[in-house]
Amino acid sequence: MYYAIGLYDLNPFLRPNPLNENEKKLLRERIARVRQLNGDDANRFYKRVAWFRTKKAFLYKGLVNDKHTMELLISGAGILLTLGMNNYKYIRSVHKIVIYPTDYYSILNKKHHVGEYNRGLKTLVFAADSVEYGFKEEGDNINLAIHEFAHALYFETSGRSSWESLRFQWGFKKLRAMKSLVNDTNYLRSYAQVNDFEFFSVLVEHFFETPEDLKRQLPEAFELIARILNQKGMA
């Protein structure tokens, strides 16, 4: 109940603090796409990041250095995906974010992970060093935070009747239909072949890290991602 009250801005003690100039600078320096946003898009991005950081529960397992930066980067990744959407709050899909210093052992899957999305618990789990790597190595099309938020966004839109949710699900089905053809090109890393969800998330990583290359290599997939996320003008 407390979580719901906070999400719908009914809790007067849980108001987002606007990002300060140093926080905005950090996001611009660490996330290439943010540097490309125009004034209105950038302001909307900063406002939404402030909301997300305040409203979501960040839980730490072990010693994680610079939690402030980690929360900004993770919040920024989530908002990047929804910047062109009205529904940007992940209310149905993400209630908390658990962060480990490095790879961790998942009791549910019985193996080590660097990140995962748990639909049942509405929880994102990250290894902090892998999140850092994703933003440090721009252009390698591996970004853990963006990848896992893409999973969450699918379930955020699933079963909803809003136009943007229907557009998302329509686009996802179109992408799924072309998966075998795309994978035959060997353009995406092999992890994209695991299932439809991983295929989509890997494409989204390419969309944000190397959009021009994706547009050149897989123009139809690029256009679908841009339509799904309503970011044709920002891509």
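Buried means under 20% relative accessible area, exposed means over 50%, and partly exposed lies in between (1.4 Å probe, protein chains only). This is a predicted model: local features need pLDDT of at least 70, side-chain atom pairs count only at pLDDT 80 or more, and totals for chains, interfaces and linings use all residues. Residues are numbered from 1 along each chain as its sequence is written, and side-chain values use heavy atoms, with hydrogens and water left out.

**Stop 1: D66**

Select D66, in the loop between strand 1 (57–60) and helix 5. Helices (H or I, at least four residues) and strands (E, at least two) are DSSP runs, numbered from the N terminus. Is D66 buried or partly exposed? D66 is partly exposed, because its relative accessible area is 45%. Check its backbone too: phi of D66 is near 50 degrees, a positive value in a residue other than glycine.

**Stop 2: S93**

Go to the loop between helix 5 (67–82) and strand 2 (96–100), and pick S93. S93 has a relative accessible area of 1%, so it is buried. Which side chain does S93 join in a polar contact? The partner is E156, at 2.7 Å. A polar contact is a pair of N or O atoms within 3.5 Å; within protein, one must be able to donate a hydrogen and the other to accept it, and residues adjacent in sequence count only if both atoms are side-chain atoms. Show the surroundings: S93 touches Y117, K122, T123, A152 and E156, not counting residues up to four places away in sequence. Contact means heavy atoms within 4.5 Å.

**Stop 3: the largest pocket**

A pocket is defined on a 1 Å grid over the protein atoms alone, as an open set of points where a 1.4 Å probe fits, with protein on both sides within 12 Å along at least five of seven lines; lining residues have an atom within 4 Å of a point. The largest pocket holds about 490 Å³ of space. Select G115, E148, H151, Y191 and E198, which are the closest to its centre among 24 lining residues. Then colour strand 4 (111–113), strand 5 (115–118), helix 6 (128–136), helix 7 (144–157) and helix 10 (196–209); each gives two or more residues to the lining. Helix 7 gives the most, five residues.

**Stop 4: S130**

Stay with helix 6 and select S130. Leaving aside neighbours within four places in sequence, S130 is in contact with V114 and L144. S130 and L144 are 14 residues apart in sequence, yet 6.6 Å apart in space, C-alpha to C-alpha.

**Stop 5: the nonpolar core**

A nonpolar core is a set of buried Ala, Val, Leu, Ile, Met, Phe, Trp, Tyr and Cys residues joined through side-chain atoms within 4.5 Å. The largest one has 70 residues, and F45 and L175 have the most contacts inside it. Helix 7 gives the most to this core, with nine residues. Centre on F45: beyond four places in sequence, its contacts are L27, V34, L37, G76, I79, L80 and L83.

**Stop 6**

Move to helix 9 (residues 179–183) and pick V182. V182 is buried, because its relative accessible area is 5%. Not counting residues up to four places away in sequence, V182 touches L188, F199 and L218.

Next, select helix 12 (residues 219–228); its buried residues are A221, F222, L224, I225, A226 and I228. Their cover includes helix 8 (163–177), helix 10 and helix 11 (211–217). End on N230, in the segment after helix 12. Phi of N230 is positive, near 55 degrees.

Notes. Points joined across faces, edges and corners; volume = space filled by probe spheres on them.
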